[in-house]
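I opened this entry to look up the surroundings of the ligands.

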Amino acid sequence: MSQGAARGLFISFEGIDGSGKSTQARLLHEHLTAQGRDAILTREPGGSPGAEQIRALVLSGDVDRWSPETELLLFTAARRDHLERTIRPALAAGQIVICDRFADSTRMYQGLRGGGLRAQVEALHDLMIGQEPDLTLLIDMEAGTGLSRAVARGGTEDRFEAFGGDLQAAMRQGFLALAEEFSARFVVINGAQGIEAVARDVRAAVMERLA
Ligand code: ADP
Ligand code: TYD
């Protein structure tokens with residue numbers, strides 16, 4: 001399906017671990033729903049039953065459980081299922097889709113791992129996904145802050161957080177570079193503010209797009 005065929009609006013949240021994406025995606029969903037808009041909240045990896053099973057495979061276990069190449073295939077498989085079963089049907093029904101991470105995360109995380117898989121990431125994306133969000137909200141913040149928030153949050157899905165601060169710092173710069181590369185769909189939000197201030201900036205960016 002071409003992007004033009006979709007009638008809804010596809011919004012993704014991106015940023016390093018702990019930057020506040022999940023918090024802001026949830027608040028935006030609550031806000032749009034309270035306005036009477038038809039919006040769904042979903043996430044990657046996951047967002048459909050099959051993709052959630054793949055999530056359990058990729059996010060737990062040792063750091064070297066998967067090679068960078070295998071990992072790229074698993075994330076892409078999860079995204080394809082999510083797109084087929086959740087995102088495309090929702091957009092076709094005119095819904096607003098709010099997605100916590102999408103293909104830009106693969107461009108960064110897998111693209112920066114393993115000595116640079118970015119070309120393979122783009123090739124697989126073109127072959128198997130072929131869809132970008134209409135609007136991408138990059139919650140930007142300094143890597144150390146994000147990492148300490150993510151560590152404080154706890155949990156077992158910590159395979160990527162275990163890669164450490166240097167990779168998170170490279171990731172932050174990488175996301176900012178993506179925002180310049182795809183400037184038509186990206187809005188950069190200052191994530192180092194309080195939750196309410198970030199939410200206000202998020203709402204402003206979305207309302208501009210919906211107007
Ligand atoms: P992400 O989904 O980007 O990893 P989360 O939304 O899970 O981030 O937030 C990570 C942690 O930081 C959570 O414990 C959350 O409550 C907290 N948090 C989120 N946004 C803020 C903020 N603006 N200021 C302080 N703490 C925050
Ligand atoms: P997520 O649950 O969003 O983690 P966090 O809340 O800490 O930001 O995503 C889990 C991890 O999966 C995260 O470290 C980033 C990684 N990831 C990839 O490596 N590639 C991808 O394509 C996606 C969607 C996520």
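The notes below take the ligands one after the other.

I worked from a predicted model, in which local features need pLDDT of at least 70 and side-chain atom pairs count only at pLDDT 80 or more, while totals for chains, interfaces and linings use all residues. Residues are numbered from 1 along each chain as its sequence is written, chains are lettered from A and ligands numbered from 1 in the order in which they are written, and side-chain values use heavy atoms, with hydrogens and water left out.

Ligand 2. I listed 16 residues around ligand 2 (a heavy atom within 4 Å); D17, R55, R101, T106 and Q110 come nearest. I looked up polar contacts (N or O pairs within 3.5 Å) and noted an oxygen atom of ligand 2 at 2.6 Å from a polar side-chain atom of T106. For D17 the corresponding distance is 2.7 Å, and for R55 it is 2.8 Å. The protein buries 95% of the 550 Å² that ligand 2 exposes when taken alone (Shrake-Rupley, 1.4 Å probe). By class, I noted 8 charged, 5 nonpolar and 3 polar residues in the shell (Gly counts as polar). Helix α4 gives the largest share of this shell, 4 residues (helices are DSSP runs of H or I, at least four residues).

Ligand 1. I listed 13 residues here, with G18, K21, S22, T23 and R153 nearest. Taken alone, ligand 1 exposes 560 Å², of which the protein buries 74%. I noted that α1 (21-34) and α6 (143-153) each give two or more residues to the shell.

Methods: Polar contact = N/O pair within 3.5 Å; in protein donor to acceptor, adjacent residues only side chain to side chain.
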